[in-house]
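These are my notebook entries on a model that I went through entry by entry. I wanted to keep a record of what I looked up and in what order.

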Amino acid sequence: MALVEGGLTISSPAGKIAEVIEAQTTLFTAQCYELYGLPALGSLVRTGDVYGIVASAATVPLEAGRRPVALGHDVATEEAVFRENPQLGRLFRSEFSAVVVGFREGERVYQYLPALPARIHGFVYLCGDEEVRTFSRSLGFLETLLHAVVAVPPEELVSASLRQMSRKHADPDAFLIAAGKMLAHLLSDDYPRLRSILGRLR
Amino acid sequence: MTERLGIVVSASLEGGVVVRLEPGVSVEEMVVGRYVAIQGQRHRFFGMITDVRLEMTDERLASAPPEAGEPLLASVVSGVNTYGIIRVTPMLTIGGDAVTILEGPQPVKTIPAHFSPVELASERDMELVFGQENERNFHIGNPLDMETKLCLNLEEFVKRSNGIFGKSGTGKTFLTRILLIGMLQKSRAVNLIFDMHNEYGWQGTNEAGPPVKGLKQLFPAAVAVYTLDEENSVRRGVKVDSVVKIGYDEIEPDDIALLRQTLNLTELAVEASYQLRRRFGRQWIQRTLELEDAEEVRGLLEETKIHESTFQSLRRGLNTIRRLPFITSHAAEDIVPKILAHLDRGVNVVLEFGRYREIAAYVLVANMLARRIYAHYQAQTEKAMAEGSSPPRPLVITIEEAHRFLNPEIAAQTIFGTIAREMRKYNVTLLVIDQRPSGISEEVMSQLGTKITCLLDNERDIDSVLAGVSGKSELKTVLARLAPKRQALIFGHAVPMPVAFQPVSYDADFYARLAGRKAAGKTEDLEKFW
């Protein structure tokens, strides 16, 4: 029984991890509650009914313009730096941007842009395994990702999201092949790009 | 059978239909020559795969193909960026409009719309095209590499003269035997077979085993065997119905004209034969040969203005004929009425030549008999037309070495040329068998309804067989690729489209099937009477 319970815990949606601090139709930026509490590149996140794929992340000083100084000269480990300077956790923040790839309406998930952007201060959740599987049953989001205008190259973004998603599927290879075929259609006239994405899935 | 192969992506009536294969369909299974059905919006099309090709969406794939370490890439691009294309030549429409439903498959006049699904032809499609075995259709073989039966409507087949061609040793004789049996069973037509090599009547030779049964063994009641060489037939154990002797008085100058080349006669010598016929009447050959007295000869020559050397040339030729053992000065019995009586009763007649296989004997006898039988048919048909009664039973005359009768030089003179040209006006058609179709006059070739050809490798022969057929160049490829034995191509009147096929095996199983069918046929016939 314990195992099953454990399994359930993992597959249940994780708690909120961040809050939206900037929102556009195609992109939203969220600040994590914890320093380094960042979701992995390519993870599926949700705020309200809007789904996003984590496209870039950064840890920056809370106050723009304030540069950190080196503190670790006299301590042995990186952890010790934080232990001895407990204020550091409050002086920095971890932020990430997510490309909007779809939204849900009732039970249905649509893989195109929602009518309205995400709401400021909306809580951001990291989607659980079941939710990821449900979302990735359709692969229309790949086209949105390929055309996303973000700092990270779209090839990296696409491959990262597929790597993340495939781990949640019972047959990761089958999922990757299906997604690969979809990409092959989208990139039928751009074989080098297709190859570079697929090369990043290994 | 109805697995979807792909969809139509482009097409033209001239260039054929281009089909993009579904990702899961292997190019290697798309054998050229296979039949496919295309479900268009209004018609169902029937066609044949004529080309297979690999394509890719991006040329760069060719210069940097997936490597061994990229299995994912390889499996992803296959079917999407790299895919198979088949070219299908549409041949028939087999459903959709009223005409097709009422009258069967029709030649294509249009092409299927974009993205029409393409599948392997189903059993039902095949039956629509190749016929279903029934009381009219005879199973002659199977389309190459297929289980489907190719059935020929023999009632339709015998409405025209037909030809069987192929190099020596390609199975013409077996094919002919199968067709003869088919006609015997499934059509009203009756056959007269000039059997040069004694292959059809009692038993036939088989390169690869024991002799095979001839028509008489399989259908004793429906076949009569006549022979020119009684001794030979008896030795071979043939149950002969009649021995044929031919009298000089039955030979006409026309027959001599036909033999001009064989007997090495000059044009003038042939001309002289007509003069002598006029002068001496029916006994002209005997009278000509019996002229011994030099004085008499001179008198005759002066009177008829025949040159001495011409006369001698003619006499030499006539002497060659006289030496044929079945020729007598006067035959005790006229064989023609006897043959006609058989034919009228629906009994098929095979005339064996025994040892007399020289071409002179064959041409002489076949032409002579056919001429008289044809005249009888002509008279009967005309009488029937005048009286409004039923015409005589359709007759099919089978001749071998047909180019000897139907070459451009003499086709106009022989009775066979006439039959071939006049088609079935008088209910007589030909089944010509030949290994050198290029030797047959173009006019006759063009009149043949259905042609069946085994392998031919002489360019001129191929051209002459395929002359006037649409899609000639494709058929040429098919014809050239036939196996040297037991494969043939059929096209023309009796089939909706050209088909390369493998004739049924002529063996014990075949006999057994015939026997079964015969029994079934009998009860059916009885039912009809009631």
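Before the first entry I note how the angles are to be read: axes are lines fitted to C-alpha atoms, for helices over the stretch in contact, and angles run from 0 to 180 degrees between N-to-C directions. I also keep in mind that this is a predicted model.

Entry on helices 6 and 7 of chain A. I looked up how helix 6 (residues 154-168) of chain A meets helix 7 (residues 172-186) of chain A, and found that their axes come within 9 Å and cross at roughly 150°. Angles over 145 degrees count as roughly antiparallel, and helix 6 of chain A and helix 7 of chain A are therefore roughly antiparallel to each other. I recorded the crossing of helix 6 of chain A and helix 7 of chain A as right-handed. From helix 6 of chain A the contact takes V158(A), L162(A), M165(A) and S166(A), and from helix 7 of chain A it takes P172(A), F175(A), L176(A), A179(A) and L183(A). Sorted by class, this contact of helix 6 with helix 7 of chain A has eight nonpolar residues, one polar and no charged.

Entry on helices 10 and 13 of chain B. Here I found helix 10 (residues 267-280) of chain B packing with helix 13 (residues 308-322) of chain B at an angle of about 80°, with the axes 9 Å apart. That angle makes helix 10 of chain B roughly perpendicular to helix 13 of chain B. I listed L268(B), A269(B), A272(B), S273(B) and L276(B) on helix 10 of chain B, which meet T310(B), F311(B), S313(B) and L314(B) on helix 13 of chain B.

Entry on helices 19 and 20 of chain B. The residues in contact are E459(B), I462(B), D463(B) and L466(B) from helix 19 of chain B, with K472(B), L475(B), K476(B) and L479(B) from helix 20 of chain B. I counted them by class as four nonpolar, no polar and four charged residues in the contact of helix 19 with helix 20 of chain B.

Entry on backbone angles. I found R486(B) in the loop between helix 20 and strand 22 (488-492) of chain B, and phi of R486(B) is near 50°, a positive value in a residue other than glycine. In chain A, H121(A) has phi near 65°, also positive in a residue other than glycine, and its place is in the loop between strand 6 (108-110) and strand 7 (123-126) of chain A.

Entry on domains and chains. The domain assignment of chain B gives domain 1 (4-130), domain 2 (151-245 + 333-518) and domain 3 (251-322), and the C-alpha centres of domain 1 and domain 3 of chain B are separated by 68 Å. Turning to the interface, I noted 18 residues of chain B in contact with 17 residues of chain A. About 1,400 Å² is buried between chain B and chain A, and carbon and sulfur atoms give 61% of that area. Of the area that chain B buries against chain A, L72(B), V76(B) and V80(B) supply 34%, more than any other three residues.

Key
Residues are numbered from 1 along each chain as its sequence is written. Chains are lettered from A and ligands numbered from 1 in the order in which they are written. This is a predicted model: local features need pLDDT of at least 70, side-chain atom pairs count only at pLDDT 80 or more; totals for chains, interfaces and linings use all residues. Side-chain values use heavy atoms; hydrogens and water are left out. Contact means heavy atoms within 4.5 Å. Helices (H or I, at least four residues) and strands (E, at least two) are DSSP runs, numbered from the N terminus. Ala, Val, Leu, Ile, Met, Phe, Trp, Tyr, Cys and Pro count as nonpolar, Asp, Glu, Lys and Arg as charged, and the others, Gly among them, as polar. Domain bounds come from an automatic or database domain assignment. Buried area is the accessible area (1.4 Å probe) that two parts lose on being put together, summed over both. Angles under 35 degrees count as roughly parallel, over 145 as roughly antiparallel, 65 to 115 as roughly perpendicular and the rest as oblique. A crossing is left-handed if the near helix is turned anticlockwise from the far one by less than a right angle, and right-handed if clockwise.
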